[in-house]
Amino acid sequence: MNQPASTTQTREPLFDGDFLEQVQRLRLVARRVAPRGRFAEQASKDRGAGLEFQDYRPYVPGDDLRAIDWTVYRRLGRVFLRLFEELEDLPVYLLPDISASMWLEDPPRVRAGLQSALALAAVALGQHDAVGVFPFANDLTILSRPKAGKSRIFTLAQQLQSLEPGGQTDLVTSMKRFQAMGLREGLAVVVSDFFDPGGVEAVAKALRGIRHRLLLVQLVRPSDRNPEQSLQGDLQLTDCESGAVENVSLTPHVLERYRASYDRFAQGLADFASSRQAGLLALDTEGPVIDQIATLFEQGRYVV
Amino acid sequence: MSLAQLSWPLWLVGLGVVAGLLFLLQRLRVRHRAVVVITTLFWQEAKEEARARTLVERFRHPLAYLLALLVAGLAWLAFADPIWRDGQGTRYTVLLDGSAAMARADRFDAAKDAVEDLAGRLPRGRSEVIWCGSAPQTLLAPGEDRSLLAMRLANLQPEATPSSIGRAIAMAAASRPMGADSSGTVVVVVGEAPEDQADVPSDLRWVHLPVGTDEVDDGARIVALGVSPADQVWGQVDALLTVRGGDGQAPQVGLGDVDWKGTVLRTQNAGETQYQIRGLPADGAVLHVRLAGDSAQSLASQAHLRLPKRAPIRVWVAEDARDGALQQVLQADSAIEQVADPAQADVVVLGSAQAPAKRPALRWVATEDQPQAILLQHEAELDSQDVLRYALGEFGLDRIDATEMAQTAGQAIELGAQVGDQREVRVWRSLLASDRYGLVESRAFPLLVGRGLRWLAQQAPVVPYVAAGRRLPMPLASDASGFAPAEDLLPTVAGSFAGPDGGAWEASLLAPWDPIPWAGGVASPADGLPTQHGSLFTWIVLLVLALLGLEWILFGSGRIP
């Protein structure tokens, strides 16, 4: 019987010097961040005092006279202001799954999940974006409100490392709670196995209500699709979260049916991500995390 | 089709039990290994495949159950050993020959093997095995397990008795169910065929399975044993022994408590060694002959017979019958013992003056008392012509020059025979006159006197030779010392049998293997018997294996749990 893995593995340092060096080469690039953000490096929908020219608009009393384009005035005899792009930050909301299933197996998926979340946090903090952490299981909690500052990576690492196993996964409730926070539009990174008891439909329903840009990090391992690698014979399978019991005799036909069901789930998640224009990364929890995260970043950039 | 090991009802009961057990096994809950997994989400679609074996679930896989039941049922059927061609209800009686004739070489072992093989192929409920030793005895009754047969055969050995196959056949014929047709019962004889087919009911089907028909050199064996009168001594006989095979080792001769100091002469030709055991006392003792060697304990290497009794012929000679030549003959003949009291005599020699004797007599008569020179008086049971014919040769009368005697006598010398109360040999006294006739000087006179006295004494003849498998010499009704071949063959077995003298003979003679010709009724060994080819065991086992392969394929493809 597989026992929940000890949390000692998650107590081990989630990153080291190489980890930080590797993530420094990565950058999150937002096409345009939401207005009213804090000054940073991301292009914003706000017009402001940035360097990139964006548009003209007629002068109205009260405008800053320094923004008048006098060349246009000489040509046309009308007063226009030159508008520049405002540079603001991209709030990144990390939503790591800490339900019981994440702590099972050896090594537990939660370790890879927290490492991937921390890697993305390091990238965001490195470019002055704010990062907030909202772990969830049967409900969502606030581990860290969105804040910027490169030095916060160490604080985040400690906070993530101190997480304890939660209960049953309830994506719908958790995402509703997250949405209800009314946070400024940013990038929501959901790190989970997405094994919600309601299936992929419940996952899609939960994520569909999020008004942030989405990046889904699906924590997988080879035995998810090929359980015969670790399971054989007549089994009494107990769901570690719900406690549901299923008696199964592993025959080729049963395995075939299982794989078909798994494939439908994975395809459903991929279809949802595609329809939502969300990013989807199937992260093998038994493989190197940074290397797999880096695949998201084409030429070091991941545009959201 | 029938079953060799089980009856159909029993097989069906067994099939029901198997079906029930399989049903329970299908209903039993599988003992699962408990495993905690991160989710059972994807197993919920696959779990339906495992529910068939849970007790609480309904029986969901009748196809898998039927396939398992078919495999188990066929295996059960294979155990029952069905036979395709079985004669539909035919009863089989297997007779195992246990007579001495089966003792040669390994014939009996081969016969036991054949019986075991045969019993394995016959339907158990309708076959029986009968041991035919000294008396028929049931070895395996109908319905008994075949393993019992092997146990009961293990210690069986041929018995020194004639075959009881004939009796067993008669019993099998008599025990046939009432109204059974000719095909209802088949008798299988393993070993020697019955010697008298006339005893076999004509409507009884029987099959003969000869065993060991190939001639094998199985060592020395006694094939003939007999006696003949000793050459010179009346009270002794010579035993004649024929041994076939072997290395010519001398036989061991025993006479019980009698101290015998005789000699053994040996001649050898054509694979047979003949021994003449000389000087045996003719006193009725039992002669035991045993060959030395490895096979000394087998019936083939030993024989015994009871020697004849040859008591001296007690002769009383009347005063007026005394004659010098007669006296010389009587004294020279070892078979004759002269007694002084006529009451103790077996034969009396009388002169013509004596009244008719109460005992057989050699009587000298006057020429005028009878027209024949020699007149033989015999019992009414004998034919006078046969007696005369016998006397001519046996009494040496053919050696008498009757013509010269007739010239001398001036009348015909005739030989006659007549019926009378007592045996008598009446001879002209004048023939004893040596100055007129040369009878007393001739070689015929001792024969006439000696053989005549023997004929008068009616001594039992010695059977010249007894050989197993040959026709027994039988005495001629008209000639007490003559023999003719009997119609029946001497039994080719050991034991007691009626001798030519009407007495009981004991001998253990095994004939050289010479199958007795059997006219009619001989069936091929395969006729009427279920053969191994009729067994469906092999085909059923192959079918079971094929079904197991199919089940494995279906299991592998997930079509059955």
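In this predicted model, chain A contains an open sheet of six strands, which follow one another in the order 6-5-4-7-8-11 with mixed pairing. Strand 6 (144–147) and strand 11 of chain A stand at the edges of this sheet, and because each has a single partner strand, one side of each is left without a neighbour in the sheet. From one strand to the next, the twist averages 15 degrees. Within the sheet, strand 7 (residues 187–192) of chain A runs parallel to strand 8 of chain A and is joined to it by six bridges; in one of the pairings between strands, A:V190 has A:L216 in strand 8 of chain A as its bridge partner. Helix 5 (residues 152–161) of chain A lies across strand 4 (92–96), strand 5 (131–133) and strand 6 of chain A, and its direction is at about 160 degrees to that of strand 6 of chain A.

A:E286 forms a salt bridge with A:R221, with 3.0 Å between the closest N and O atoms. A:E286 sits in the loop between strand 11 (279–284) and helix 10 (289–294) of chain A, whereas A:R221 belongs to the loop between strand 8 (213–220) and helix 8 (222–225) of chain A, so that the pair, 65 residues apart, links distant parts of the chain. Over all chains, the count comes to 19 salt bridges.

Chain B has an open sheet of five strands in the order 6-5-4-7-8, again with mixed pairing. Its edge strands are strand 6 (136–140) and strand 8 (205–209) of chain B, each of which pairs on one side only, and neighbouring strands are turned against each other by 25 degrees on average, direction ignored. Strand 5 (residues 127–132) of chain B pairs with strand 6 of chain B in the antiparallel sense over four bridges, and B:C132 stands opposite B:P136 in strand 6 of chain B. Helix 4 (residues 107–121) of chain B packs on this sheet, where it touches strand 4 (91–97), strand 5, strand 7 (185–190) and strand 8 of chain B, its direction making about 170 degrees with that of strand 4 of chain B. Helix 6 (residues 165–174) of chain B also packs on the sheet, touching strand 4, strand 5, strand 6 and strand 7 of chain B, and makes about 165 degrees with the direction of strand 4 of chain B.

How many residues does each chain bring to the contact? Chain A supplies 38 residues and chain B supplies 26 residues, and between them the two chains bury about 3200 Å², 63% of it on carbon and sulfur atoms. In chain A, the residues that lose the most area to chain B are A:E246, A:N247 and A:Y258, which together account for 17% of what that side buries. Strand 9 (234–239), strand 10 (245–249) and helix 9 (252–275) of chain A each supply at least two residues of the side that touches chain B, and the largest share, 10 residues, comes from helix 9 of chain A. By class, that side has 18 nonpolar, 11 polar and nine charged residues.

Between chain A and chain B the count of salt bridges is zero, while five residue pairs are in polar contact, both residues at pLDDT 80 or more. Strand pairing also crosses from one chain to the other: strand 9 of chain A and strand 2 (residues 33–37) of chain B pair in the parallel sense over five bridges, and B:V35 in strand 2 of chain B is the bridge partner of A:L237.

How values were computed:
Residues numbered from 1 in each chain as written. Chains lettered and ligands numbered in written order. Predicted model: local features only at pLDDT ≥ 70, side-chain atom pairs only at ≥ 80, totals over all residues. Heavy atoms only, no water. Contact = heavy atoms within 4.5 Å. Buried area = accessible area lost by both parts, 1.4 Å probe. Salt bridge = Lys/Arg side-chain N within 4 Å of Asp/Glu carboxyl O. Polar contact = N/O pair within 3.5 Å; in protein donor to acceptor, adjacent residues only side chain to side chain. Nonpolar A, V, L, I, M, F, W, Y, C, P; charged D, E, K, R; others polar. Pairing = 2+ DSSP bridges. Axes fitted to C-alpha atoms, helices over the stretch in contact; angles between N-to-C directions.
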